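Have a look at the fold before reading on.

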Amino acid sequence: MKAMFPIIENTCLKMSNFLKHEVANQSKDGVHFRDVTARFTTEVVTDTIFGVEAGTFAQEKALLCDLGAKLLDCFENVVNFFIITSIFPFLKRFRCFWIVSKTVGRGFEELMKKGMQFRSQSNSQRSDFLSFIMDLGSRQNLSLTEMTSHALTVYLDGYETTSITIPLVLYQLAKNQQAQEKLRNEIREYELNGGINYEAIQEMEYLDQVVNETMRVHPPIIIINKLCTESVKYPVNGRQVEIPRGMTVHIPIFSIHRNENNFPNPEEFIPERFDKERGGSKVFKEKCSFLPFGNGPRICL
């Protein structure tokens, strides 16, 4: 993440200039921030993963924004795949259908190919995902399709959840002026004392609380599945409930986050729940009551 920070910082500058331009034009409809953050995350993940600039803030309709949107349209296929294979597990052994459409898959393969060619020809050294995947491909003799598949996994993890969470953070801050002012003061304090850099962001405690509380109220993933690898028994309301090995357990993250036994006044936006003096997010994660991206070794990247 630290190695990616210059890319993120450069994209922030592009977004800032884009917003200044939009405000100067005084659009009657205002600025649709879901679109802005989609451009932002597309620019960041494309530069990080494929080593090329997407040009999302320079073009009205950037090609990669369109390609990313089409990729998300394939998400229904992902849901269908998991539903079908949970009913008929043996189908996992077969390649019955494409989860990602061939057009979208080939588009990203072409992007991966161009990124690798440019990196090889320029002999530039940069610590990013493209360097990692090229090294992995060389050591394990991966095909272009396999390397692109790895890249698309990271692309999806970084694109959709982030581009949704940022507008929700701003929405909650707009509704809660006191929290907005408190966060603004924290950011200004760092701006006046050395500026905003990777280390400064790691130290911003209230920023962390605001993001965590936003993801509690609006979890990026509302439900996850876990496969039980060994039979266990849990005490529930005075009786032992057994979960046998091989059973798939559905964990309702949205309901857990809104449970008043875990979070008093769960519908209210209270970033101070995650105050460091109260244990921060760690105390909730240890109890598995705060799971915005799941938990354990299979936590969402």
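## Salt bridges

A salt bridge here is a side-chain nitrogen of Lys or Arg within 4 Å of a carboxyl oxygen of Asp or Glu. By that rule, Lys-14, Glu-43 and Glu-53 are linked in a network of salt bridges. This is a predicted model, where local features need pLDDT of at least 70, side-chain atom pairs count only at pLDDT 80 or more, and totals for chains, interfaces and linings use all residues. Residues are numbered from 1 along each chain as its sequence is written, and side-chain values use heavy atoms, with hydrogens and water left out.

The structure holds eleven salt bridges. One of them joins the side chains of Lys-14 and Glu-43, at 3.1 Å from N to O. That pair ties together distant parts of the chain, with Lys-14 in helix H1 (residues 5–24) and Glu-43 in helix H2, 29 residues apart. Helices are DSSP runs (H or I, at least four residues), numbered from the N terminus. For burial, the cut-offs are under 20% relative accessible area for buried, over 50% for exposed, and partly exposed in between (1.4 Å probe, protein chains only). Glu-43 is buried because its relative accessibility is 1%, while Lys-14, at 22%, counts as partly exposed.

## Pairs within a helix

Arg-39 and Asp-35 also meet through their side chains in a salt bridge, at 2.9 Å from N to O. They sit four residues apart in helix H2, so about one helical turn separates them. Arg-39 is buried, with a relative accessible area of 5%, whereas Asp-35 is partly exposed at 34%.

Glu-213 and Arg-216 make a salt bridge too, at 2.8 Å from N to O. Both belong to helix H10 (residues 205–217), three residues apart, or about one turn of the helix. Are these two buried or exposed? Glu-213 is buried, and so is Arg-216.

## Nonpolar cores

A nonpolar core is a set of buried Ala, Val, Leu, Ile, Met, Phe, Trp, Tyr and Cys residues joined through side-chain atoms within 4.5 Å. The largest one has 22 residues, of which Ile-49, Phe-50, Phe-108, Met-112, Ile-133 and Tyr-155 touch the most other members. At least two residues of this core come from each of helix H2 (33–50), helix H3 (63–73), helix H5 (102–122), helix H6 (129–140) and helix H7 (144–175). H7 gives the largest share, six residues. Another core lies apart from it, made of eight residues, among them Val-169, Ala-179, Leu-183 and Tyr-206.

What does Met-112 contact, leaving aside its neighbours within four places in sequence? Its partners are Phe-50, Leu-130, Ile-133, Leu-144, Met-147, Thr-148 and Ala-151, with contact meaning heavy atoms within 4.5 Å.

## A nonpolar surface patch

On the surface, Ile-83, Ile-84, Ile-87, Phe-88 and Phe-90 form a nonpolar patch, with about 460 Å² of accessible area together. Patch members have over 30% relative accessible area and no salt bridge; like charges are joined within 9 Å, and nonpolar side chains (Val, Leu, Ile, Met, Phe, Trp, Tyr) within 5 Å. Accessible areas come from the Shrake-Rupley method with a 1.4 Å probe; for residues, only the protein chains shown count as cover. Ile-84 lies in helix H4 (residues 75–87) and is partly exposed, at 34% relative accessible area.
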